[in-house]
Amino acid sequence: MTVTTRSSSDYRHPILEYIRQDRLPHIFCSACGIGTVLQAFANALRSLNFDMDRLVVISGIGCTGRASGYFESDSYHTTHGRAIAFATGVKVANPNLKPVVISGDGDLFAIGGNHFIHAARRNVDMLVLCVNNFNYGMTGGQMGPTTPDSAITVTSPDGNIEHPFNLVSVAAASGAVFVARWTALHARRLTKSLEKALQKKGFKFIEVVSPCPTLYDRYNRHGSGLDVMKRYREISVIRNFTDPMKAEIDYRTRIVCGEFVDTEKPEFTDLLASQAAELQKR
Amino acid sequence: MQKAVLTGEMFTQGDIAAAEGALAAGCRFFAGYPITPATEIAERMAYRLPRIGGRYIQMEDEIASCTAVLGASYSGVKAMTATSGPGVSLMNETIGLAAMTETPMVLVNVMRGGPSTGQPTEASQSDIMQAKWGSHGDYEIIALIPSSVQEMFDLTIKAFNLSEQFRVPAFVLADEIIGHMRERLVIPHEDEIEIVNRKKPTVPPEEYLPFKAEEDLVPPMATFGDGYHFYATGLTHDERGYPVMDDETQLALIPRLCDKIRKNSAKITEAKTLETEDAEILLVAYGGESRTAMRAVKDARNKGMKIGLFRPVSVWPFPKEQLKEAAANAQHVIVAELNYGQLVGEVERVIRNEVPVHLIPRVCGSPHTPDDLMKEIRRRIK
Ligand SMILES: Cc1ncc(C[n+]2csc(CCOP(=O)(O)OP(=O)(O)O)c2C)c(N)n1
Ligand code: SF4
Ligand SMILES: [Mg+2]
């Protein structure tokens, strides 16, 4: 039997062609979930043989917000919270383009919350991929709109008293046509959902529950990044098409994952185009 | 299909003229949020754009409107928004991003009384400094001030052209008087309208450096979807567009963002003068207020007084050289503006105590009367 081995110098990771290699190493901490999410996204692009000339990766500000800088496509890093508004401009101006917004829970649902609900309501064709690490990572681990009850952060040192958003329920109620939640542990299922979402027209939302071992999980004594992943394995259940309102997300008890919404609705730029075509005939 | 350029004569409003000017300049995207006294621009665009192959979208607020305009501009479509002071306050975040990522875009501000909600339906010129200094950090913008319905049309085209040429946000700073006034508008034939488009890269994608400027300090701009696969960020970035946090990168970027306007200001600035050659008293006024000032100059000249009018058309960059020339024989400079003293500071910087500079401010919703101005002129004539 002959064994062929590849020397490390000529081995090329298959997703490298989707990545800006001259920007590596990336800025993310070790065991951070963002890397897993970006890898899943690159794998989805690869398995779809996605047309990289049409892809525009857009992000806001935060650790996750740095995502747009790592893809070998057109990409834009907006101010904090504004990625979806920028993506709307892109899609409306050139409906041929495929905007993908990758950003954090704080960026998309605190400062950018208004843009999220309105883009979902209009059903503008874009994919929004949210890394939910339950805190503001980039600024040092403050509480935010997804921080759970009683959680310790640097701005909730005595325990968070605010009620958090259930992101999938916000997305579904706002009108998203595809809504899913996975954890960073579910890399393959996440990739499959990303493939589905990338091929679907309309406003799609995927939440990825993700470790922030440097800040959130440390303050809350969740152990190492690996410990957090083990915990995800213990408590996550897959319940496709569960009512998003009831899709529990509680690190103490249960995280419900799955694809919750997959429906059809006329897309905004299609509606603009058909109305304009009618008007131009007159 | 309707025509984009409505060649001919019409009797119309300043706001409508701005919308028609934008369309004539090639604008095919508008995002906005209703606000008095600029709403008529959005309404006109909502009606006109889909009929000529463009797109109108009403966003959830002005932050989103301005940001969507950036997205459209990067997607290769000339884009604008229109608002008033409260909306500009919200847009300032994105105006900084537009300056930082060198995005061509036009913003029409039909100024009303402020601060805050102020006087929504009244005239004002109190956002002159906001236009220049609204966002944080060192950057430059372009701002043009129309004084007639015709100029609403002409200067909106000019704003688009300069914005494309220098990859910079350009304001049309109108006041409510000009925005809502109705006069004759002449729209020339399409072929007679000068259109400037942004420079596109001439090198293949692998050689393209999205923020490497040419001699004019402006980098060629690729469009999303053209295969250039470039990255742009509001962070300090090098020529590749990549974030780099060292002194060298900041020093290469920020002075260039300012200097591309400052060093090219001779190509941008514009001013109009009336009877300034022998003027011993120089009036400075712009926008709706300049109409009163023109009348005051005529009345004063009829009485034998040597009065002239200097009207900045570009307010940012400020037409310094033109002002110096117009003020060459002046013993007094009188600035009349519809605010509590804004552009007067810029005039003082140019005149440098050589002769006294006097301010006639007005903050209550309508322009001065010619008599108000005459009173001040008489006080200064020995
Ligand atoms: C207007 C504005 N306010 C505040 C900040 C500071 N800031 C940077 S990132 C961030 C929060 C990011 O949190 P999230 O979106 O959850 O991303 P993460 O870092 O957790 O991935 C904040 C508040 C900013 N950059 N801009
Ligand atoms: S601070 Fe947290 S979210 Fe940010 S890179 Fe580190 S682990 Fe990831
Ligand atoms: Mg976060």
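Visitor: Which residue of E15(B) stands opposite Leu283(B)?

Guide: That's Ile334(B). Before we go on, this is a predicted model, where local features need pLDDT of at least 70 and side-chain atom pairs count only at pLDDT 80 or more, while totals for chains, interfaces and linings use all residues. Residues are numbered from 1 along each chain as its sequence is written, and chains are lettered from A and ligands numbered from 1 in the order in which they are written.

Your pair sits where strand E12 (residues 281-284) of chain B meets strand E15 (residues 332-337) of chain B; four bridges join these two, and they run parallel. (Strands of at least two residues and helices of at least four are DSSP runs, numbered from the N terminus; two strands pair if DSSP finds at least two bridges between them.) Zoom out and you'll see an open sheet of five strands in chain B, ordered E11-E13-E12-E15-E16, with mixed pairing. At its edges are strand E11 (271-274) and strand E16 (357-361) of chain B, each pairing on one side only. On average, neighbouring strands here are turned by 20° against each other, ignoring direction. (Angles between N-to-C directions run from 0 to 180 degrees, with axes fitted to C-alpha atoms, for helices over the stretch in contact.)

Now for the helices on this sheet. Helix H10 (residues 287-302) of chain B packs on it and touches E11, E12, strand E13 (307-312) and E15 of chain B, with its direction at about 165° to that of E13(B). Helix H13 (residues 370-380) of chain B lies across E12, E13, E15 and E16 of chain B, and makes about 165° with E15(B). (Contact takes C-beta atoms, placed from the backbone, within 7 Å.)

Elsewhere in chain B, helix H1 (residues 14-25) and helix H2 (residues 39-48) pack at about 45°, their axes 8 Å apart. That makes H1(B) oblique to H2(B). (Under 35 degrees is roughly parallel, over 145 roughly antiparallel, 65 to 115 roughly perpendicular, and the rest oblique.) H1(B) brings Asp15(B), Ile16(B), Ala18(B), Ala19(B) and Leu23(B) to the contact, and H2(B) brings Glu40(B), Ile41(B), Arg44(B), Met45(B) and Arg48(B). Sorted by class, that's six nonpolar, no polar and four charged residues. (Ala, Val, Leu, Ile, Met, Phe, Trp, Tyr, Cys and Pro count as nonpolar, Asp, Glu, Lys and Arg as charged, and the others, Gly among them, as polar.)

Chain B also meets chain A: 38 residues of chain B are in contact with 35 residues of chain A. On the chain B side, strand E2 (29-32), strand E3 (55-58), helix H3 (62-74), helix H4 (85-100) and strand E10 (231-233) each supply at least two residues. H3(B) gives the largest share, nine residues. Taken together, this side of chain B has 23 nonpolar, 10 polar and five charged residues.

Last stop, the ligands. By class, the shell around ligand 1 has five nonpolar, 11 polar and two charged residues, while the shell around ligand 2 has eight nonpolar, three polar and no charged residues. H3(A) gives ligand 1's shell its largest share, three residues.

Methods
Two residues are in contact if their C-beta atoms, placed from the backbone, lie within 7 Å.
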